[in-house]
Structures are given as C-alpha cells and as structure tokens.
Amino acid sequence: MTVSDKQPQRLRLGALIALVVGSMIGGGIFSLPQNIATSAGAGAVLLGWLVTGVGMLALAFVFQTLSRRKPELDAGVYAYAKAGFGAYMGFNSAWGYWICAWIGNVSYFVLLFSSLGFFFPVFGEGNTPAAVICASVLLWLVHAMVLSGVRQAAFINIITTVAKIVPLIMFVVLALVGFKADLFSIDIWGGEEPALGSVLDQVRNMMLVTVWVFIGIEGASVYSSRAQNRADVGKATVLGFVGVLALLVMVNVLSMGILSRAELAGLKNPSMAGVLEVVVGAWGAKLINVGLIISLCGALLSWTMLSAEILCVAAKDGAMPKALARTNSRGSPRGALWLSNSLIQLFLIITLYSSGTYLDLLYLGSSMILLPYFWTAFYALMLCLRGETYGDNDRVRGKDFAIALVAVLYSLWLVYAGGVKYLLLSSILYAPGAVVFAIARREQGERVFTPLETGVLVVLIMAALAGIAGLYMGYLSL
C-alpha cells in the first residue's frame, strides 16, 4: 500500500475542538499568575489581555476564513505560507512549527515529572535520573498510542481535555469567592515599582507569555485533511479559542485579587497551586497539581500528534524528505513520529546534565511560532487585496480585510515584543533547515531555490551568524 492509498481517519467537530483546547491548555495556564506578575501590574495585565484577545481572535478568524475559502489547502500554517510566498517559505513555516512543537514537549515532560515530585520526591525538579527514565517510558507509550491510529489517539485526547478543564473551572469558582477588589486595585498601574517600567513596557513584557499559552490555536487547521467536515475546522478554532481565552483571563485576573503582585511573583510554579492554597488550604494545592499532571498528559498527546502531522503533510507535498511521508496501515505518520520523538528522547537525556536547558528552549521555541502566524495572516490579507475567492462580495471582503489586517499588525507586534534577541536566536534554528529543504527538492528533481528565496536564505544565514556571534561574545543569552 502506497502513502497515497492510505486514507486518513476522519475527525469530528468534538475531536477537533479537543485538539485546539488540548494543545493550548498545557502547563502555561497553571504558571500564569506568577509568570505575568513578574512583568506587569493589574492595569497593564488588563490592557495586555485586551491586546492579546483582539489579536488572537483575529488570528482565529483568519484560520476560520482560510479553511472556508481555501478548502484545498491542508496542513494550515505550512499550506498557507507556501501558497502565498513560495515553497521555501512554506517549508520554513512547517520547520519552525515543528521545532516549536517538539521543544515544547520536552519542557512538558520535565514539568510533568516536576509536578509529580510534589507527591514523589524522587522525581525532584523533573530532571533526576528517575524522572528522565519514567519520562522516556511515557514518551514511547504516547508514541505507540499515536501509531495505533490518529482517531483513537484523538478520542483519548477528548477525555484528557475534559479532565483538565474541571480543576480549572473549580479554581475560577473558588477564586471568585476569595477575590478582593481593593487588593486588585492597589497600585494598579505599577507606578510604585519603577523596575516594571512604563505601562507600555509592562504590556510588551507579558506578550511572550501570552503567546506561549495560545500556541495550539491552529491545531484544527493542521488536521484539516483529516476532518470529517471541512467547515468544522474553522468552528473548532474559534470555539476552542474563546473558551481558553475566558479561562486564561479569569485565572490571571482573579489571582491578582487574592495575593499582591509581589507575592504572586514570588510563588513557586505551578503558581495556581499557591493561589488556591491561600483560599481553601493545602488541599487546593494538591488539586491544582493533579490538574496540572492531567493537563500535561493531554498536551503531550496533542503536541505529539501535531508535530508529526505537520512534517508528514509537508513531506507528502515534497517540502520535506520522502522518508517523513511514510505512514503505517492505520494512517499514522510513522516516519515523522519517529524523528520527532527521537529528538525529544535526546533532549530529555540532556536535561540530566543541564537543568535549565528545557526552560531556555521553551521560550526560544515559542518564538519559532511567530513566523508561521505572520505568514498565515499576511496570506489572508493578500487574498482580500486581490479579491481572490470573493467575487463581487465587497462587504464580506472588507470585513475579512479588516480582520486580516489586525492579525498582521498583531503578529508584527509580537515580533517587536520578542525583540531582536529572539529574532537572532530563532534564526539559528531556522537556518539549518535549508539543508533539509535542499534534500527534499533534489528528491523531487526540482530547482532548490529561486533568486528571491536565495536572497531570503542569505539574510537568514547572516542573522544566524550574528546570533551565534552574540552568544559566543556574551551579547546574547538564552
């Protein structure tokens, strides 16, 4: 049976929503109170969530619009970048998304066993020999689960998604009881703490945190080729986003009415546990740690599926080497899955010798998603400018243009918020992909780079060299 003969297992709306929610809700929300409190006061937090909410909602609508207007384009961020900007940019979008996905999984494994260390001290901070051995066993169990069939794995993902939402809702309800409006409003703009900077600085500094907790919004579009109904892809994206946004804002804002900003900033993660412990006692911390463990297990499954799928679809389209397009009799992307999980295994071993590596890679990995998001939004804007697929329907075209423009501006704002540091560091990871792209193009018997793509590669290599020099000379650090 050839790759093209194998029919993918079809996913319904519930499974697609679970993929979006399951991939967005991982460990980030459980550490959100402390992570945000280190960089922003309550007023800036409200403004930051307003910016994030509008920007990410525009991006969600972009994915919904593109799934409807370009139903022939599968695999989301990869397909949109390729259609709008050529084969090499499509490859880079898939490459960056894939790196973000498997690096994120490394951090999830370590955080999972760090949470288990709350109950079993042998796991320590998640990087002890016992933790790495057990994480490795879990890694290959998830690997086997995905190989058994995407639809079966998606069903299990639905169960874990529901299970992880329950403690979050309990937190919101209990935090509402303990919320103190006067505590929330003390020094609301952070003016008494010069170290926080201006309100604009505070909003900017919280942006990368909010990006990380929303990565996964494109989960349904990556699986668009496996959707039972293509219209469900857009619905799942918007519904999943709205639900997760509501949870994130309530968790963050309510926490700031239970403990002061300085107290939140000093909490050990998962900081939600410390917040709930103040409200209800020790059992609250246990509840959150159990919720985090369930959440991370679900996120691991979601991101294992997403990281393999993006490689497999790109390989089937000729943007990745043919070996990554191989699927088994159940339609699972075995070639891509083996590569992704082998790298995760390698980096789990590395955490034994460098305790901070996974955290450094987590923030670097989040910057890798900025390029795929930007090209997706820009492609939607191009369709509107050209009037492609709109015919004479100027009203809908104008509405979609406004939404796409907001998404583009938000994507550019994220790049600004990340700063030059992350542009240079992410270039170090993007540049080597050119070798993989060249191998794939040679396999297809096609020209590797167009003149424009050659120019892009030269700029990318120069940025990567600048990043390496910065690391070597100490001007940049992870």
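Predicted model: local features only at pLDDT ≥ 70, side-chain atom pairs only at ≥ 80, totals over all residues.
1. Start with helix α21. Its buried residues are covered by elements that include α5, α19 (394-430) and α20 (433-443).

2. Which residues of α21 are buried? They are E453, L457, L460, A463, A464, G467 and G470. Glutamate E453 is on that list, and so are the glycines G467 and G470.

3. The length of α21 can be checked. The helix runs over residues 451-473, 23 residues in all. The expected span is 1.5 Å times one less than the number of residues, which gives 33 Å for α21. The C-alpha atoms at its ends are 33 Å apart, so the two values agree. Just after α21 comes G474, with a positive phi of about 90°.

4. The largest nonpolar core counts 149 residues. Within it, W49, F214 and M320 have the most contacts. Helix α5 (residues 87-116) is the top contributor to this core, giving 21 residues.

5. W49 deserves a look of its own. Setting aside neighbours within four places in sequence, W49 is in contact with L32, M206, T210, V213, F214, L245, L248, V249 and N252. One of these partners, F214, is also named with W49 among the residues with the most contacts inside the largest core.

6. Residue N252 sits in helix α12 (residues 231-255). Is N252 buried or exposed? It is buried, because its relative accessible area is 1%, under the 20% cut-off. What joins the side chains of N252 and W49? A polar contact of 2.7 Å does. Beyond four places in sequence, N252 touches L32, P33, I36, V45 and W49.

7. Last, the cysteines. How many disulfides does the structure hold? The number is 0. Take C134: the closest cysteine sulfur, in C297, is 12 Å from its own, so a bond is ruled out by distance. C134 is partly exposed, because its relative accessibility is 33%. Take C312 next: its closest cysteine sulfur is in C100, 19 Å away, which is too far for a bond. C312 is buried, because its relative accessible area is 1%. The cut-off for a disulfide is 2.5 Å between sulfur atoms.

Terms used
Residues numbered from 1 in each chain as written. Heavy atoms only, no water. Helix = DSSP H or I, 4+ residues; strand = E, 2+ residues; numbered from the N terminus. Buried < 20%, exposed > 50% of the residue type's maximum accessible area, 1.4 Å probe, protein only. Polar contact = N/O pair within 3.5 Å; in protein donor to acceptor, adjacent residues only side chain to side chain. Contact = heavy atoms within 4.5 Å. Core = buried A, V, L, I, M, F, W, Y, C linked by side-chain atoms within 4.5 Å.
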